[in-house]
Amino acid sequence: MEAYGGLLADTPGFASLDTSRALHIPKEELQHAFPEFQPYFGQCKFTGCAHVAEKGCAVKAALEEGKIQPTRYESYVALYEEAKDVKKWELP
């Protein structure tokens, strides 16, 4: 069975599988989960652009031009806001 970009197998001896860590995507990597953002990577005014509130953001410009669906961008922002508050030491 496929899960989280990998394979999952039923193996004797495992009673459970903790997926909470597998579900966390660091805020710096979250943009890669949105393939429609890919054409705009490297085009933002600032290196390390979070595509949320920065001026000169190519992703936000594409959104305003109708090249990115608003619902997809809203999903990205919601996930980013959640991910930015997670500290590595808080992960299981």
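Colleague: What share of the accessible surface of the chain belongs to carbon and sulfur atoms?
Modeller: This is a predicted model in which local features need pLDDT of at least 70 and side-chain atom pairs count only at pLDDT 80 or more, while totals for chains, interfaces and linings use all residues. Residues are numbered from 1 along each chain as its sequence is written, and side-chain values use heavy atoms, leaving out hydrogens and water. The accessible surface of the chain (Shrake-Rupley method, 1.4 Å probe; for residues, only the protein chains shown count as cover) comes to about 7000 Å². The part belonging to carbon and sulfur atoms is 54%.

Colleague: In what order do the elements of the chain run from the N terminus on?
Modeller: Helices (H or I, at least four residues) and strands (E, at least two) are DSSP runs, numbered from the N terminus. The chain has two helices and two strands. From the N terminus on, their order is β-β-α-α.

Colleague: What percentage of the residues in the chain is buried?
Modeller: Buried means under 20% relative accessible area, exposed over 50%, and partly exposed in between (1.4 Å probe, protein chains only). The chain has 92 residues, and the buried ones make up 20%.

Colleague: How many disulfides are counted?
Modeller: A disulfide requires a pair of cysteine sulfur atoms within 2.5 Å. By this rule the count is zero. For Cys-49, which is in no disulfide, the nearest cysteine sulfur is that of Cys-57, 3.7 Å away. The count of disulfides is therefore, by the 2.5 Å rule, zero.

Colleague: Why does Cys-57 count as buried?
Modeller: Cys-49 counts as buried because its relative accessibility is 12%. Cys-57 is likewise buried, because its relative accessible area is 6%.
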